[in-house]
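These are my notebook entries on one structure, written for a reader who is new to it. I set down what I looked up, topic by topic.

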Amino acid sequence: MIKRYEHGAYLLNGTELIEDVGQVYEQLSSKLGYCPTKEEAIQQTMAYNILKAHNTSNTMEQLKITFDCLTSHDITFVGIIQTARASGLEEFPVPYVLTNCHNSLCAVGGTINEDDHMFGLSCAKKYGGVYVPPHQAVIHQYAREMLAGCGKMILGSDSHTRYGALGTMAIGEGGPELVKQLLKKTYDIQRPEVVAVYLTGKLEKGVGPQDIALAIIGEVFADGYVKNKVMEFVGDGIDNLSVDYRIGIDVMTTETTCLSSIWRTDSKVKDFFAIHGRVGEYKEIKPGDVAYYDGVVYVDLSKIKPMIAMPFHPSNTYTIEEVNNNLEDILAEVEKKAAISLDNKIPFQLRDKIRNGKLYVEQGVIAGCAGGGFENLCDAADILSGQSIGSDEFSLSVYPASQPIFMELVKNGAVAKFMEAGATVRTAFCGPCFGAGDVPANNGLSIRHSTRNFPNREGSKITSNQIASVALMDARSIAATAANKGYLIPATEVDVNFTKPKYFFDKNIYENRVYNGVGNPKPEEEIKFGPNIVDWPEMVELTEDILLRVVSVIHDPVTTTDELIPSGETSSYRSNPLALAEYTLSRKDPKYVERAKEVFAQEKIRRMNVCPMKENKAIGDAFRTLKKYNPQLRARSVAIGTTIYAVKPGDGSAREQAASCQRVLGGMANIAKEYATKRYRSNLINWGMIPFLLEKEKLPLENLDFIYIPNIKTAIKEKKNKVTAYIVKDTLEPFELSIGEMTDDERDIILAGSLINYYAKTKEVTE
């Protein structure tokens, strides 16, 4: 089904792979008549050439990227614009699209969600942006329909910013990276490695794009095979996939932890742009005659089976067939893994879902940027045509990804098929993806064609003894299971005629409702601030020495951004940094906020030039130990902050609040064995937090330990990669922390205390 290469490989004429082992140069010479260097072949990938076209530095090793356009949704755009305003924003320098698809229901917190929307509209007017009202489109579908273009690059403040199937390299990052673009700065990274995803063969009827995506994720996630790399889709199998299928695979590449993705384009992609009235955005993109890849994921589409990703990660994959054939054993295995994710804090079981030897699920959802596409929903409707989902516990909800898709589904009768079968059809909304919609009952199991199934992604609250779970599946197998009254079954076992109706895009839907102010800023426009929209609190510069207190230790193999700052109803408070910070780690370590506040209170006292030794016994004891070794030490000059330790934090969402919430509570660093994604590490840096790495195998840190790090400011300035730190108890226990590679700007941001401070200082110098 899927095979990985252990070495790099050369792709010849887009069709033949030669692994970079043995007599590779002799093979190349015999086939080509000449032998290109590896450096020449690296420059023949699609990714290299798109990056080169957007790079403003004088080297392709250290990139400084400018993007063609930006996009954000209503959980992130308020914080981004507020940060940019504090840093000197005058107008949007590139098209910036503000969509409203996360807090669009306005169901929690009174007026605050709609207040954010009005803030967004007023900013689109003032600075010259695009405002997409609630229920019109989920962020990524609007980008596919109206923004993507072959050879373009798009930066979005949502981790699933992926438009590679349309020839667009798109990257999801935390808000501060968009702020840099709004201030005409660059996205600075080392040139990423590129991994080929070679598709061949043709799918079995009933297999969908989510099945392919889950199979790939299950193969590459665990060991980081494509982590922070670009996945480049090539091979003859692409010809056998519709554009909607390609899009459905592409959006899920985020769950591999790759940086971005790109696909070769063809006449089907050209037709997609033509349907949307944007045929001028098409051009052929393909690798050069000889392209070198740093790895290969070889996928035989003919062997892909309907898949299911069991709780609580998209990489926890099985074929539906093997689940049905080994129910007891597999569910026991899933329960064991789930207990680790849930810290054994709450009873969790799935084996009680076995009824008459079959797995029964209580809910199905097809939604968002992954599931709500036109072809997914048409195929699902065909499976449900003339069927009934029954009147028991099982329910089915369908969310088309945009109003144009919804309208066409109404016109071609698909909506009627869903409704007749007992499903509900709703407007474009991302809620089922992050726990703000369709929350099942306690102990419920939901099957969803959406992007993630982390704990609480369905909206339950472990801290309130509520637990439900999500398994990811393709729309077709969800529909088949729905027609089977909630008993799990793959779509390949259903006798169905897929009608594959043609899609017609109605541009009037957006022209009648979307505000487009690109190139027409109105400086006189007043920004509308709701009472929940609050400026960022003060963040101070890094001091020469720092004293950190460990206020949370997480031993899980991976810690998601959902665990660092929960999704769901907390999203309503993302325009108020201090209010949102109250939820930091609330579902993982409920005592974190209390501990962090206690330490931060002493730092606030220090900033008032009062000695913190007298105010808090634990901190006083730590300083007394330090003074034994350095009698000249002045406690007033040592900043006091907090840190968390996690094995591998930052998997999942791009949301900057996973870092900023720690920062506004006095966080000064994270310590980790490794960081799950580049974007989380960047979020830490942009909020003035040091992303330390602890390379020792044995963890020397315990919760509530103090860590003294002298001369850290000098170490950052002098570009040192390692520092000596000390665990402060009755004595000082030295150990080594790594800082890791950073750009000059990143070091300056940490020295300044945050991106906001850095740009404020830059502005002062300029003026």
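**Entry 1. Salt bridges**

I began with charged pairs and took a salt bridge to be a side-chain nitrogen of Lys or Arg within 4 Å of a carboxyl oxygen of Asp or Glu. I note at the outset that the model is a predicted one. By this rule I find 37 salt bridges. Side chains of opposite charge can pair when their charged atoms come close.

I looked up three of these pairs in detail. In one of them, D188 and K64 meet through their side chains, with N and O 3.2 Å apart.

Another pair is E281 with K152, whose closest N and O atoms are 3.2 Å apart. I located E281 in the loop between α10 and β14, and K152 in the loop between α6 (139–146) and β8 (153–156); the two are 129 residues apart, and the pair links distant parts of the chain. Both partners are partly exposed: E281 has a relative accessible area of 24%, and K152 stands at 22%.

The remaining pair I examined is K588 with D556, where N and O are 2.3 Å apart. K588 is found in the loop between α21 (577–581) and α22 (592–607), and D556 in the loop between β26 (546–554) and β27 (559–560), so the bridge ties together parts 32 residues apart in sequence. Are K588 and D556 buried or exposed? I find K588 buried, at 5% relative accessibility, and D556 buried as well, at 8%.

I also recorded a network: salt bridges that share partners join E375, D379, D474, R476 and K500.

**Entry 2. Helix α14**

How many residues of α14 (residues 374–384) are buried? I count 11 of its 11, and the helix is mostly covered. After α14 comes G386, which has a positive phi, near 75 degrees.

**Entry 3. Packing of α9 and α10**

Two packed helices are described by the angle between their axes and the distance between the axes. For helix α9 (residues 243–251) and helix α10 (residues 267–275), I noted an angle of about 95 degrees and axes 10 Å apart. The two helices are therefore roughly perpendicular to each other. On the side of α9 the contact is made by V243, R246 and I247, and on the side of α10 by K268, V269 and F272. I sorted these contact residues into four nonpolar and two charged, with no polar residue.

Strands of a sheet pair through backbone hydrogen bonds, either parallel or antiparallel. I followed an open sheet of three strands in the order β3-β2-β14, with antiparallel pairing. Its edge strands are β3 (16–19) and β14 (290–293), each of which pairs on one side only. Neighbouring strands of this sheet are turned against each other by 25 degrees on average, direction ignored. Between β2 (residues 9–12) and β14 I found four bridges; L12 has V290 of β14 as its bridge partner.

**Entry 4. Backbone angles**

Where does a cis peptide bond occur? I found one joining P311 and F312, with omega about 5 degrees. F312 sits in the loop between β16 (307–309) and β17 (317–319).

I then looked up positive phi values in residues other than glycine. N356 has phi near 55 degrees and lies in the loop between β18 (354–355) and β19 (358–359). At 77% relative accessibility, N356 counts as exposed. K485 has phi near 60 degrees, and its place is in the loop between α18 (475–483) and α19 (508–513). K485 counts as partly exposed, at 38% relative accessibility.

Definitions and conventions. Residues are numbered from 1 along each chain as its sequence is written. This is a predicted model: local features need pLDDT of at least 70, side-chain atom pairs count only at pLDDT 80 or more; totals for chains, interfaces and linings use all residues. Side-chain values use heavy atoms; hydrogens and water are left out. Axes are lines fitted to C-alpha atoms, for helices over the stretch in contact, and angles run from 0 to 180 degrees between N-to-C directions. Angles under 35 degrees count as roughly parallel, over 145 as roughly antiparallel, 65 to 115 as roughly perpendicular and the rest as oblique. Contact means heavy atoms within 4.5 Å. Ala, Val, Leu, Ile, Met, Phe, Trp, Tyr, Cys and Pro count as nonpolar, Asp, Glu, Lys and Arg as charged, and the others, Gly among them, as polar. Buried means under 20% relative accessible area, exposed over 50%, partly exposed in between (1.4 Å probe, protein chains only). Two strands pair if DSSP finds at least two bridges between them.
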